[in-house]
Amino acid sequence: MNTVLSRANSLFAFSLSVMAALTFGCFVTTAFKDRRVPVDVHVSKVMLKNVDDFTGPRERSDLGFLTFDLSANIL
């Protein structure tokens with residue numbers, strides 16, 4: 001007769017086969033799906049803020065100290 005370990009091994013192998021088949025099925029159903037969605041972006045208000053530059057001395061700093069705050073309304 002089969003031992004407990006032999007039956008557990010068979011059950012584990014069968015479970016792995018079922019999980020592999022389910023994983024492949026999920027891949028096939030989603031791999032060729034069109035994921036493009038139309039997006040319309042509108043900018044309502046642009047604000048310019050002065051932000052302190054803490055990157056180093058101003059003479060050596062290549063980074064600007066003005067940043068743009070864009071508030072976008074996505075419809």
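Trainee: Is Met19 buried or exposed, and how do I read that label?

Mentor: The label rests on relative accessible area: buried is under 20%, exposed is over 50%, and partly exposed is in between, with a 1.4 Å probe and protein chains only. Met19 has a relative accessible area of 53%, so Met19 is exposed. Bear in mind that this is a predicted model, where local features need pLDDT of at least 70, side-chain atom pairs count only at pLDDT 80 or more, and totals for chains, interfaces and linings use all residues. Residues are numbered from 1 along each chain as its sequence is written, and side-chain values use heavy atoms, leaving out hydrogens and water.

Trainee: Which residues make a nonpolar surface patch with Met19?

Mentor: A patch takes residues with over 30% relative accessible area and no salt bridge; nonpolar side chains (Val, Leu, Ile, Met, Phe, Trp, Tyr) are joined within 5 Å, like charges within 9 Å. Here Phe14, Val18, Met19 and Leu22 make a patch of about 420 Å². Areas come from the Shrake-Rupley method with a 1.4 Å probe, and for residues only the protein chains shown count as cover.

Trainee: Where does Met19 sit in the fold?

Mentor: Helices (H or I, at least four residues) and strands (E, at least two) are DSSP runs, numbered from the N terminus. Met19 belongs to helix H1, residues 4–31. The protein has 1 helix and 2 strands, in the order α-β-β from the N terminus.

Trainee: What does UniProt place at residues 12–32?

Mentor: The unreviewed UniProt entry lists a "transmembrane region" there. Such positions use the numbering here, feature names are shortened, and annotations may be inferred rather than shown by experiment. In the model, residues 12–32 are 95% helix and 0% strand, with end C-alpha atoms 31 Å apart.

Trainee: How many aromatic pairs does a search of the whole structure find?

Mentor: Rings of Phe, Tyr and Trp (its six-membered ring) pair if their centres lie within 6.5 Å; planes under 30 degrees apart are stacked, over 60 edge-to-face, and the rest tilted. The search finds 1 pair. The Phe24 and Phe27 ring centres are 6.3 Å apart with planes at 40 degrees, so the pair is tilted. Both residues lie in helix H1, 3 residues apart, about one turn of the helix.

Trainee: Which residue forms a salt bridge with Arg36?

Mentor: A salt bridge needs a side-chain nitrogen of Lys or Arg within 4 Å of a carboxyl oxygen of Asp or Glu. Arg36 pairs with Asp34, the closest N and O atoms being 3.1 Å apart.
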